[in-house]
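Trainee: I am new to this structure and would like a close look at one part of it. Please take the sheet.

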2 protein chains.
Amino acid sequence: MSDSPQDALVVFTPSGKRGRFPVGTPLLKAARALGVDVDSVCGGRGICGRCQVVVGQGEFAKHGIRSAQDHVTAWNEVEARYQAKKGMKPGRRLSCQAQLLADAVIDVPADSQVHKQVVRKRAEVRNIELDPAIRLHYVEVEEPDMHKPTGDLERLLAALEKQWGLGDLDWDLRVVQGLQKTLRQGQWKVTAAIHRGQVLTHVYAGFRDKVYGVAVDVGSTTIAAHLCDLSTGEVVASGGLMNPQIRFGEDLMSRVSYVMMNPGGEAELTEAVRAGLNELFHTVADEAGIDVVDILNAVVVGNPIMHHLLLGIDPTELGGAPFALAMNSGMTLWASELGLELESDARVYVLPCIAGHVGADTAGVILSEQPHLRDEISLVVDVGTNAEIVLGNRQRLLACSSPTGPAFEGAQISSGQRAAPGAIERVRIDPGTLEPRFKVIGCDLWSNEAGFVEETRKTGVTGICGSGIIEVLAEMFLAGVILTDGTIDGSLAARSPRIEADGRTFRYLVHEPADPDDPRIVVTQNDVRAIQLAKAALYAGTRLLMDRFGVETVDRIQLAGAFGSHIEPKYAMVLGMIPDCDLAMVSAAGNAAGTGARIALLNQKARDEIQQIVKRVEKVETAVEPKFQEHFVEAMALPHKTAAYPELAKVVALPEPRLPEPVGDGENGGRRRRRRAG
Amino acid sequence: MSDSPQDALVVFTPSGKRGRFPVGTPLLKAARALGVDVDSVCGGRGICGRCQVVVGQGEFAKHGIRSAQDHVTAWNEVEARYQAKKGMKPGRRLSCQAQLLADAVIDVPADSQVHKQVVRKRAEVRNIELDPAIRLHYVEVEEPDMHKPTGDLERLLAALEKQWGLGDLDWDLRVVQGLQKTLRQGQWKVTAAIHRGQVLTHVYAGFRDKVYGVAVDVGSTTIAAHLCDLSTGEVVASGGLMNPQIRFGEDLMSRVSYVMMNPGGEAELTEAVRAGLNELFHTVADEAGIDVVDILNAVVVGNPIMHHLLLGIDPTELGGAPFALAMNSGMTLWASELGLELESDARVYVLPCIAGHVGADTAGVILSEQPHLRDEISLVVDVGTNAEIVLGNRQRLLACSSPTGPAFEGAQISSGQRAAPGAIERVRIDPGTLEPRFKVIGCDLWSNEAGFVEETRKTGVTGICGSGIIEVLAEMFLAGVILTDGTIDGSLAARSPRIEADGRTFRYLVHEPADPDDPRIVVTQNDVRAIQLAKAALYAGTRLLMDRFGVETVDRIQLAGAFGSHIEPKYAMVLGMIPDCDLAMVSAAGNAAGTGARIALLNQKARDEIQQIVKRVEKVETAVEPKFQEHFVEAMALPHKTAAYPELAKVVALPEPRLPEPVGDGENGGRRRRRRAG
């Protein structure tokens, strides 16, 4: 950079950074000097093509410059060779080769920026700034000289310092073990993978510009992975599998019990989950057409028990009060320490846990949903067997876990099933006739539309999936079939054959199959009770956090998790799963925990950020909070015994609170009891 | 510390540090405030007994204080309990319990100092200041609280910071894996092992004050280990074994060849040496009555090829020019990374290498012999199959390696054998009669003394060990049996039956056995030639370093290595193995490489020191140095063709340079040749 008026003025867009440089300065050098964000893996050797720019053409009044193609040098051999080999879009130049001749406006396209934005689908969340923990640096290493003996490693480190300013690097033994062969294979030209600017993690012979990372969400039921190209941030393959630990117990507590009852059981569980991860890594690598050893970074989230078991830590302490975590900091490990079949020196970052029941998955949810970056108060609910709940804003964050049980996942529901073709996922009930219509997964028609029977012949109508259960219950409530206390109103049996007696209670018939061998799809009183218990636990947890925060309402609600993503927010609110809120401010967040892992994979600073955030999360332990029981009981009513739903009422005609007729019901019950006694 | 005259004045000896403290101040606290070196593992809880002091009695004119027992508080319960349980020497007090009541002189005995001196046997070298890399810290950890959830690890780290000022500690996954059990076993009282004040390396339940380290010298032939108590610096067990790699080749180059010829051979060699180390660790641990997992630190030295193979690095590059090391920095690894059966988180420090032929063993030699701390110029020679040579002083250090071959170890010598009972180790030859007398290992008598035959009946006289060969050759030279060029003077056959014809050359009879089945012990012309070649290589290497340094003489010489330690310096000089020097300044250094490892084990700063020193060592590559050949040829003569030995001449009557009679010899040779031709 210079102040001499004879020097050429260059303005980089979109940053607007400008400065004068002597004629002959390579554009990349000028950009670096001005702090303009231009990528480079090869360090200005015209190999990687990452530093492409576009030279502005014409008058740029705003900058006071006339810019033209010939204000930079014509293509040299290096640039021509790159173009011949790999091609460039029209108008593009390699900024490491093109030199400034006169004033110019130089545009740095998004794909040439180091910190490019990785766009997320949802409008309300910020994009991810690409800044991966692993970066590649091409270097040319001095050959050994027996008169000035230094190690091959030390000469590589010196080259990294000289050519890239990467000083004081740490290294691993495994890097050294393979180094001599790699250096000679690459004829002293190698590409070094550096972790967080601090550790030499792997060395490739010759030039290389692609390396991969994987974001993993280890759920109790499912393990999901996204394989990302660390140079673009793109997801190149995704996959999931059942957590192989399921053979030791369906839910978390049964797995902890297995460990308690079987000495050494924790090692079996650890081995199982690691084997699952390895299988998944091979699956996604195959899908992307790469080798697992091309994966140099992994980021893992999971609830505390999954977290501990993956790390080889006995989870017994998490099975009972005071639910002590072995550790609650995030940590970076070697893949080989965890027996993971990535490149053996790949770094595995595990997000921090928050409390004994609030894990690294919740940390991931926070990273994804960013309640801590907003002024308004967000409620983030990740619904699963346990619900993790986060409430807060820029000033304050609270979290808890609430034991909702598996009802939301369709377990313990008479016609419940997992979301698969044939499962009912949408339901509407006519308040007049009490007749339902529904949609099943795999068919776009409603059940009362022409062609439905034909189109669903193959799958059948086999059950109700989780989000379908929420809808059918909410519609039953809105149609008056379910009363405020959750009772199915038996008196309606007189009005509609859909209401059937079921022992001492009633049930609602959703679907009568044509073939009597096929299942009748019904909603029983027990089904309603199971969902009521689950939703009351969820609401009570939320309510505890709102009490602690000192608010009566929240400004926005994000429903995370596979289930939360499929629920229609309106119906969740009708059932009182969540507090009242402007429905426009309620949204599905998808697998937010997994997204959090992907954010931490693509942006190293997010790791430091979440480590700081979790420190200030206030944890509420629902299991011992005296108010929890009270909130729970009040939340059993639909939508709630005391809480108002004014926002919901604007869009939905909520029925007047109505309880079973005390006399009739009493007589009814009394009669039956008497009959049985007789 | 305070300036108030009402406060009591305390003077600590031997440091002389003094200050005033309020009455009631524990002596340990006062010592800490003054920076007095007092040890403590338990942090002032009266458990470890490391902080013992002696209260001075009487007038201390020098300090202006009258001190008395009752100037500190009487024994409290804690101190009484310690005394009852573990006992204390009379007059000793626990400084963490005894409190200052009035002016006092407090003596800190050597065994209560953290940085006590570990005394070395040799007067000319400095003692080792005890400052091990692993230190133990007893802490009481807060129990988990579900309302303020933090990990057990984080609470332990907080306790270490609060109770010991150890902030920002790093930790290992393996520590976390066992932590919850350990904390509960110890009822939240544990002892943490901290590596270099930076890494939490291991946690023991309850109080513990002993931990061990092992110093290892991996030689091509022998592996030696010293097990040390890290709290006292004492060597508690020592052991050695043959390097199991010997089955892949006797010398270094044959092992490198094995690797080159057999794909995967480097892994076999690595496994072999690691298995050897593990066997040795178990041996020394058994001898000391401890478990190998009580060993938390190891320090290893070895030549570059042993160094690389132990680390799992293919040594092929070291087999040919430019002899490139994979790395030349020291490094700290986990025992588990190297497959070493110590505590799995034990840290293994490997000293830095200097050049392709000058390894971590030479770094150890430098640490032990400290040429870099002296103003005078030291020559340090470590004699083995290769000789490592270091020359220099405070300003400048040079090093090289010279290929002496195995002759000094008794290989290729007709009557050579290893140092064992029955081997000749001392020899004197009467210059008049040319009759020898000698001593064998296992008998204190000279062979011409009464009773020698009886005393050696059991062992016999079986051969000549390495140092014996040096002596017999030097004595032969001094007696005129060997001429300046190394020829055994056949003309003396006329004077003594000890000179025997041996084909075209002559030999000297050292010992004629009584039983004709026992071996005749002789020195042949070939034996003389083998030693000449070896000593010429050694001298030429030394000479190259002297040339480079620009000196004609050295001020002191240290002979390291098992062989170097047994040579009589005078005879080494008579043969011209080493340059002339005041014999009082020539000494044996023992296994200096192993001692260097022990220094780095007991004093962590020595690791930083050697890392810095090796950077400034100038390496001379003998293999390609043109002058080497010239120096080698000149050094074939005894003691040397051109170099003078004035210092040696002061104590030994060196024979006038004498070559074979040209005429006689020529005729003789001519006759023989002619005879054969005929």
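In what order do the six strands of the open sheet in chain A run?

Mentor: This is a predicted model, in which local features need pLDDT of at least 70 and side-chain atom pairs count only at pLDDT 80 or more, while totals for chains, interfaces and linings use all residues. Residues are numbered from 1 along each chain as its sequence is written, and chains are lettered from A and ligands numbered from 1 in the order in which they are written.

The order in the open sheet of chain A is 30-29-20-21-22-31, and the pairing is mixed. Strands here are DSSP runs (E, at least two residues; helices are H or I, at least four), numbered from the N terminus, and two of them pair if DSSP finds at least two bridges between them. Strand 30 (586-590) and strand 31 (617-620) of chain A are at the edges; each has a single partner strand, so one side of each has no neighbour in the sheet. From one strand to the next the twist averages 20°, with angles running from 0 to 180 degrees between N-to-C directions of axes, which are lines fitted to C-alpha atoms, for helices over the stretch in contact.

A:Ala560 has A:Gly590 in strand 30 of chain A as its bridge partner.

Helix 11 (residues 525-549) of chain A packs on the sheet. This helix touches strand 20 (378-382), strand 21 (387-392), strand 22 (397-402) and strand 31 of chain A, where contact means C-beta atoms, placed from the backbone, within 7 Å. The direction of helix 11 makes about 155° with that of strand 22 of chain A.

Conventions. Two residues are in contact if their C-beta atoms, placed from the backbone, lie within 7 Å.
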